[in-house]
Amino acid sequence: MNRISAETMFVTAPYEPTSGIIAVNRLSVSVDEETVVSYIQNTLGNAELAYNMAARCNLPGADQLFLERFSQLFQSGNYDEAAKVAATAPRGILRTQQTILQFQTVPSQPNQPSPLLQYFGILLETSKLNKEESIELCKPVVGQGNKQLLEKWLKEDKLECSEQLGDLVKSIDSTVALSVYLRANIPMKVIQCFTETGQYQKIVLYAKKVNYQPDYIYLLRSIMRIDPDQGVQFAPLLVQDSEPLADLTQVVDVFVEQNLTQQCTAFLLDTLKNNREDQGHLQTRLLEMNLMQAPQVADAILGDNMFTHYDRPHIAKLCENAGLLQRALEHYTDIDDIKRVVVQTHLLNPEWLVNYFGRLSVDDCLECLKAMLQANIHQNLQVVVQIETKYHEQLGTEKFIDLFESFNSYEESAIDMDALHIEKEDPLLTPNVRSQSSPIIVCHGDLIAQETDVIVVCSSSKYLFKSICQAGGDSVSTSYNQQISGSPNAPIIIVEPAGKIASKKIYFLPWKTNSDQSILCKSIEDFVSLALEKAIDHKYRSIAFPAIGCGGFKCSIQLISRTMVRTVYSKLKTYQMSVSFVIQPDKKDIYDEFKKHIDELQPPPSSIILKTIATKLGKGMIEVEMGDITKQKVDVIVGSSSSGILREIIIKAAGKESRMAYDIELKSHPNSVLIAIPSGSLPCKQIFFVKWEPNDNEEILQQSLIDLISTVVQNVISHNFTSVAFPAIGCGKHACSVDIVVKTMVHEMKKHLIQRKLSWTVKFVVNDNQENVYDEFCKQVLTTEDGFHEATIYQLPVTWEKSAEHKTRFTLSTKVHEYQTIASNFDQAMKGKYTDIIKIERIQNERWYMQYLAHTKDFRKRLNMDTEKRLYHGCPEQAANTIIEDCFNRSYAGVNGTVYGVGVYFSSDATYSHGYTKPNANGERCMFLSRVLVGKTTKGNNKMKTRPLGFDSTTDEKHIFVTYHDAQAFAEYLITYK
């Protein structure tokens, strides 16, 4: 047979035009996919073939067949076959939420998988689940906590990943959820998971890869709270590129919020290493934070000359405050600043100081030398002579001769300088505690005629306001009315004077009187302060006030005059300004009262040299002064109940009002640890008399002083005071050991300043005939060998909530484990004693909590064991509110009994504490669940007013514990119940 072609011929036929044949050697067949199934079903009448072809080839046209078959099988209970139909239906027409819901409604048969799982099983064998199927399949798996099965399906690409699926999976495993979010391309959730799983270093790389810009500052803040060490590593990633991912200033803010000064310093040293001018504000901030918290670090940075664009005057001031006087002089350019620092030669390296004078001009040099001799001729003469020796040719010998002769010291350095009566400034380590020098006067006259920079007018005083407007004419009235109509609530209106008014400016301030003296005093302070601050801002040098409230308002003349004068003195400690109180000529009583208070605060001229030293400690300041405790311009002065002489001196100087208050308090609270009374005529705000007794036993004496300091500190905090003055307790008539008294008082005060981070001024005031006591106080205050140079950093509980409103009470949800545990224990302890828990509040008093943690650390270190107990404390509602703000104050000890000691009582038996609660108007009672440091305890009795020596608390040896230190317990929760 002859082949006409090597290829296969499918079909041949005669081809007449050539008398040959035509053959087909290639076949290409196509069908219309949209109609072929319908054709088979409707034209050929073969429904089964149409069904199978649609299923196998995923073709349309048989949808109704599949829907009917699925419905038929499902209704007949043949769920397995129905599932197969739904799974194989073309184009997923049955893979819907409706189908899933139908399978979910079918109950499972014993020992058989549910129809829904059979359906999902068939889908998993043949294809990938869609979004809804993936979520519904994973719900029971997540409920079982079977993350291995989830990981298997993800690895096999059986699930369609979505944000909803990731959120579902996250409840059991963040890592698996991360895998879902990555596949679903949900950048925000991916980064959130990176954060929660500690994969911080991947955040930046991922965000860049997917071109996503997260809130990096929020992320950094979150990481810092969770893991500060990781946050420190994450921060540089945000600023390493030429175009930083986050604002550098905001990054620094996050470090500061977490009090990570050391880490922030390292971060900024690396980031700012190029010394760019546009980063000068951050150079300033770096130096500022270290000068305030770690001066030695700032000193090293300045010594390396790394930066040149920071705010030099500001840093100079901070250097001075931190005691880095050499660095301060290197930065100061104003001669007044230089003179203030250079006189403290005992704190400067002599060789460096002599060389420093070579930088000054001739006039500045001579001014500084004169200031040095004026300040302390004994201390500074030697270095002045050294400077003269080195620079006499440049400065001129005659000028030095004139300078020395003016102090009677040229060529007479061996003269007895004690014979000279030379006024000198207090040799303080900081400039803001110097004696008042701004002139404050009271005068008879008319405010209109005062030729001061500013006159202050109370716009609420109809008579004064009218007279000023009349004297100023239409110009003053119009200007005032225009401003007040535009800003009706403006705290101050400033008007240009006109007409007969002699001042440069008129300040109109509103003011309201009040029957409550404390509110009245506060309003006067605000009135005076606002006027002074505005005048200082405008760099004015003189201001005149009327005696507000002493006319038609009929306020207390004594209260008004005292408050106005004290406020002026307080505001003008660091700014020179002349202040006049202008009194109407016929108001002699008002004039006399103002004069009395000015004279009290203005110390009389004296040839006595005031001996004072001071040093900065943490955020606070400790001073030692040889002087009079009654003359101290602080918030509170302290007296001792054991010293009748001192008590009488203080009360006599304070006046009748204070004596009456003391007698009333003593009668009302004879067992009170501390009695607080108003200051009367004294320049302080309040007087504390603390119960204290001397003792020959040195250990008991020391412990009593520790308790005294703690009591005072707690009450100063409660009153929101920031300055306090102590006498040298026990060093007079009682003849206690000066060494123990001074060392204990100074040590304890330093400890409180550092651990509590208090921005206080603390003064120890010694009588001028107690030179040895003064010297010992100076020694202890200035010592650097007591370890008080680094503040302890504490971590707040993780359950605590953030609050922009500075709340201290947070009501717990009944659904959280925290609430359920407390409620369960309370229920077991109080069976039959209560009907309902109204609420449980968490107490978030950060100040009190820090004090308690400091005590906890001390107890553990001393006792080498944990003695903390969870105990109950019942009390009335009003007492509970006070405790939440001011802790368990021992000043109220003894109110409900003293069987086991005069302290604060706690019990492990809630029914016992229940006996000390009282129902309020709604029948609700209060009970604290507290953390208490019982320490080393012993059985107590009613004679124990302080803890026995060697013990921390007393007990009934069953369930009662009595504490003697306010920070020994922390009210953690308040249970309100019926």
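These are my notebook entries on a few places I looked up in this structure, which is a predicted model.

**Entry 1: domains**

I began with the division of the chain. It runs as domain 1 (1-30), domain 2 (225-406), domain 3 (440-597), domain 4 (612-782) and domain 5 (809-977). I then took the centres of domain 2 and domain 3 over C-alpha atoms, and they lie 40 Å apart.

**Entry 2: the annotated repeat**

I checked UniProt next. Its unreviewed entry lists residues 239-385 as "repeat: CHCR". In the model, I find that residues 239-385 are 68% helix and 0% strand.

**Entry 3: helix 5**

Which residues of helix 5 are buried? I looked through residues 97-104 and noted T99, I100 and F103. Seen down the helix axis, these buried residues fall within an arc of 100 degrees, so they line one face of helix 5. I recalled the general rule: an α-helix has 3.6 residues a turn, so residues three or four places apart point the same way. I also looked for what covers the buried residues of helix 5. The cover includes helix 3 (63-75), helix 4 (79-88), helix 6 (115-126) and helix 7 (131-144).

**Entry 4: helix 34**

I moved on to helix 34, residues 738-755. Its 18 residues reach 25 Å from the first C-alpha to the last. That is close to the 26 Å expected at 1.5 Å a residue. I listed buried residues here too, among them I740, V741, V742, M745, L753 and I754. The buried set also includes E748, K750 and H752. Just after the helix, K757 takes a positive phi of about 55 degrees.

**Entry 5: T955**

I turned to T955, which sits in strand 22 (residues 953-955). Is T955 buried or exposed? I read 5% relative accessibility, so T955 counts as buried; the cut-off is under 20%. What does its side chain reach? I found the backbone nitrogen of E957 at 3.0 Å and the backbone oxygen of I960 at 2.6 Å. Leaving out residues up to four places away in sequence, T955 touches Y900, T937, T938, K939, G940, I960 and F961.

**Entry 6: K936**

Last, I looked at K936, in the loop between strand 20 (925-933) and strand 21 (937-939). K936 counts as partly exposed because its relative accessibility is 45%. K936 and T954 are 18 residues apart in sequence, and I get 8.5 Å between their C-alpha atoms. With neighbours within four places set aside, K936 is in contact with L863, G950, F951, D952 and S953.

Notes:
Residues are numbered from 1 along each chain as its sequence is written. This is a predicted model: local features need pLDDT of at least 70, side-chain atom pairs count only at pLDDT 80 or more; totals for chains, interfaces and linings use all residues. Side-chain values use heavy atoms; hydrogens and water are left out. Helices (H or I, at least four residues) and strands (E, at least two) are DSSP runs, numbered from the N terminus. Buried means under 20% relative accessible area, exposed over 50%, partly exposed in between (1.4 Å probe, protein chains only). A polar contact is a pair of N or O atoms within 3.5 Å; within protein, one must be able to donate a hydrogen and the other to accept it, and residues adjacent in sequence count only if both atoms are side-chain atoms. Contact means heavy atoms within 4.5 Å. UniProt positions are given in the numbering used here, feature names are shortened, and annotations may be inferred rather than shown by experiment. The arc is that of the directions from the helix axis to the C-beta atoms. The expected span of a helix is 1.5 Å times one less than its number of residues. Domain bounds come from an automatic or database domain assignment.
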